[in-house]
Amino acid sequence: MMQQLDELRTLLARHARPDWTTAIDGVLISKVERSLPPSPSMSGTVLAVIAQGAKRLSLGDRVYEYHAGQYLVASVDLPVTGHFVDASQRRPALGFGLVLRPDDIADLLLGAGPGEVPAAAPPGIAVSDAPAELLDAVLRLVRLLETPRDRAVLAPLVIREILWRLVTGEQGGLVRQLGLPDSGLRHVERAVRWIRDNYAEPFRVEDVARLAGMSVSAFHRNFQTVTAMSPIQFQKRIRLHQARLLLATDPGDIAGVGARVGYDSPSQFSREYRRAFGAPPSRDAGRLEAALP
């Protein structure tokens, strides 16, 4: 496994781009040369493998840390706060990412069968040690960045193998739920998407539970399991993440930004923003503006 990681580090460092994209659709490479403070982002639905360094994520009251030789699966696009640790120019943090698409997993399960699927929705994020078979498939996929002639034919086959290693691995139940349209995870994902798209609007939990196709009690239980938050807490987190993005481009309109993301009270907006990001919006807006190129 150490030999696999050594080669993977070399290839990731060679093919890393500033925007993390690669010539293979859905494949991402991260190269981070300094440890920055934790920052908010959306997780995406992704497999992430660390080849060097470590990354720490927090979701609600849960904290996940994974390092070289481990992988993380995010099965729902969730508001997380995270950063790479142990990163420097001499020894940058290096990671591989693969966007997980429900249709690809569903297609795989059509031939293989659903296997064991948890009755309830599992947590939306999980971390495990990467088995040698998964690292080998990841390595072969990254090698294809060096052979353009082979890429179009072989990359889809290797991606399918990686998905197979996931659905038959330690987090297989979680990944299978992503590919099953009627799983508890997909029901919660519908609610997550609706709240994310309508974050500025008030809602009744009963209505969102109905949209998700669940009873109110089952919805509360499954939503909390997947997101580590209640629906109202989730909406608040989305509002504050969006507010921070808006302040980065419009730092002079703090009251307007608060209203745009759904806050009727400027004092409540300022109080919750400070609790989430460690500084009031006025000070954080100046910091964000100074950080812009």
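## Aspartate 207 and arginine 210

In this predicted model, aspartate 207 is partly exposed, its relative accessible area being 34%. Its side chain meets that of arginine 210 in a salt bridge, with an N to O distance of 3.0 Å. Arginine 210 is exposed, at a relative accessible area of 56%.

Both residues belong to helix 7 (residues 205-212), where they stand 3 residues apart and are therefore separated by about one helical turn.

## Arginine 244 and aspartate 284

A salt bridge also joins arginine 244 to aspartate 284, whose closest N and O atoms are 2.8 Å apart. Arginine 244 is located in helix 9 (residues 231-249) and aspartate 284 in helix 12 (residues 281-291), so this pair ties together parts that are 40 residues apart in sequence.

Arginine 244 is buried, with a relative accessible area of 17%, which falls under the 20% limit for that class. Aspartate 284 is likewise buried, at 0% relative accessibility.

## Lysine 31 and glutamate 33

The side chains of lysine 31 and glutamate 33 form a salt bridge with an N to O distance of 3.9 Å; this value lies within the 4 Å cut-off. Lysine 31 is partly exposed, having a relative accessible area of 33%. Glutamate 33 is also partly exposed, with a corresponding value of 35%.

## Network and total

Salt bridges additionally link Asp136, Arg140, Glu161 and Arg165 in a network. The structure holds 17 salt bridges. In general, side chains of opposite charge can pair when their charged atoms come close.

Key: Residues are numbered from 1 along each chain as its sequence is written. This is a predicted model: local features need pLDDT of at least 70, side-chain atom pairs count only at pLDDT 80 or more; totals for chains, interfaces and linings use all residues. Side-chain values use heavy atoms; hydrogens and water are left out. Buried means under 20% relative accessible area, exposed over 50%, partly exposed in between (1.4 Å probe, protein chains only). Helices (H or I, at least four residues) and strands (E, at least two) are DSSP runs, numbered from the N terminus.
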